[in-house]
Amino acid sequence: MKKNILLLTLAAGAVLSLGSCSLFNKATGKTGSTGGSEGKDVSQEAVLPHDRQHIAVKKELKTYTPEELGKGVVKGDWAIETVNGKNAVGEKAPFLKFVPSEKMVYGNNGCNVLNGSYKYNPADSTISFSNMASTMMMCAKEGITDYEINHALDAVRYYTWEIKGSDYYLYLLNANKRQVMSLMHQNFDFLNGSWQVTAINEKKVDNPDVQLVIDVPEGKVHGNTGCNILNGAFETDMEAANSISFSALITTRMACPPEYNETEFLVALEEASTAKPISPTEVIFLDSQGKQVLRLTRI
């Protein structure tokens, strides 16, 4: 789905108020106001179906270190890989999101949204889930079923973990310490930092001013189109490994020569759906069809 790209007009010497500012929507040609947003970061909020409360995605979940994992900390975003030895493939990508500050877990069981409480103790590696609730959509019976995931979570009593290369794995065990579920952490730390855009749609970019700064812990993106300043939100999801999206993209409105390819750059950001490291200093962004839309080199 396409996202609107917002262009922000700043007069020379003007002061931008975060509480209220006028925005020009390039797609509609209309000007609107953020009005009473009062600085609310809507990019950090995910809205569940009408029968569930809003869930604020905590910034603390964006990064996860080997030291935390070694201490037995259970937090962050985890893609469900297997359930009782079966590959966890459902209508949607099954996942769990652990929020320690709320003692809550959120996720999807392959079909329905779920949430509940969890508690764990690193001293004896115990973990359990309670008060689990889910939406009640009719689900297909192909692949892993929502019932199998719900039943597995109910049986969980212990946990253990493992680091394989750069990937973190969490294993949930039943009372007999038999594995009932394996999960892989969605780790986007490789994107954190400053980048020069070296290609747009596989066309080489020679302008060194075309840059991005991706702040994974804060879920923000900043940069320069080579002509205008860029700001926006950086979001991740569980639909596929390293699945990403950029939203709420805002730029200043200086007129740019055609050779700057600013529009192509903004469209490429909007179409990016997957991030893939190809070397320690290079990453590429792919669209939903697997076509490269951007190549970045670490600064």
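How many salt bridges does the count come to? In this predicted model, local features were considered at a pLDDT of at least 70 and side-chain atom pairs at pLDDT 80 or more, whereas totals for chains, interfaces and linings use all residues. Residues are numbered from 1 along each chain as its sequence is written, and side-chain values rest on heavy atoms, with hydrogens and water left out.

With a salt bridge taken as a side-chain nitrogen of Lys or Arg within 4 Å of a carboxyl oxygen of Asp or Glu, the count comes to five salt bridges. Among them is the contact between Lys86 and Glu148, whose side chains meet at 2.9 Å, N to O. Lys86 lies in strand β7 (residues 86-87) and Glu148 in helix α2 (residues 146-155), so this pair ties together parts of the sequence that are 62 residues apart; here helices (H or I, at least four residues) and strands (E, at least two) are DSSP runs, numbered from the N terminus.

Since Arg295 belongs to strand β23 (residues 292-298) and Glu282 to strand β22 (residues 282-286), the pair ties together parts that are 13 residues apart in sequence. Arg295 is partly exposed, with a relative accessible area of 25%, and Glu282 is partly exposed, with a value of 23%. Asp206 also forms a salt bridge, its partner being Lys204, and the closest N and O atoms of these two residues are 3.9 Å apart. Both Asp206 and Lys204 are exposed.

Where a disulfide is a pair of cysteine sulfur atoms within 2.5 Å, the count comes to one disulfide. The bond is formed by Cys227 and Cys256, whose sulfur atoms are 2.2 Å apart. These cysteines link distant parts of the chain, 29 residues apart, with Cys227 in the loop between β18 (220-225) and β19 (229-237) and Cys256 in the loop between β20 (243-251) and α3 (262-271). The torsion about the S-S bond of Cys227 and Cys256 is about -95°, and the disulfide is therefore left-handed. Cys227 counts as buried, at 14% relative accessibility, whereas Cys256 is partly exposed, with a relative accessible area of 25%.

How values were computed
Buried < 20%, exposed > 50% of the residue type's maximum accessible area, 1.4 Å probe, protein only.
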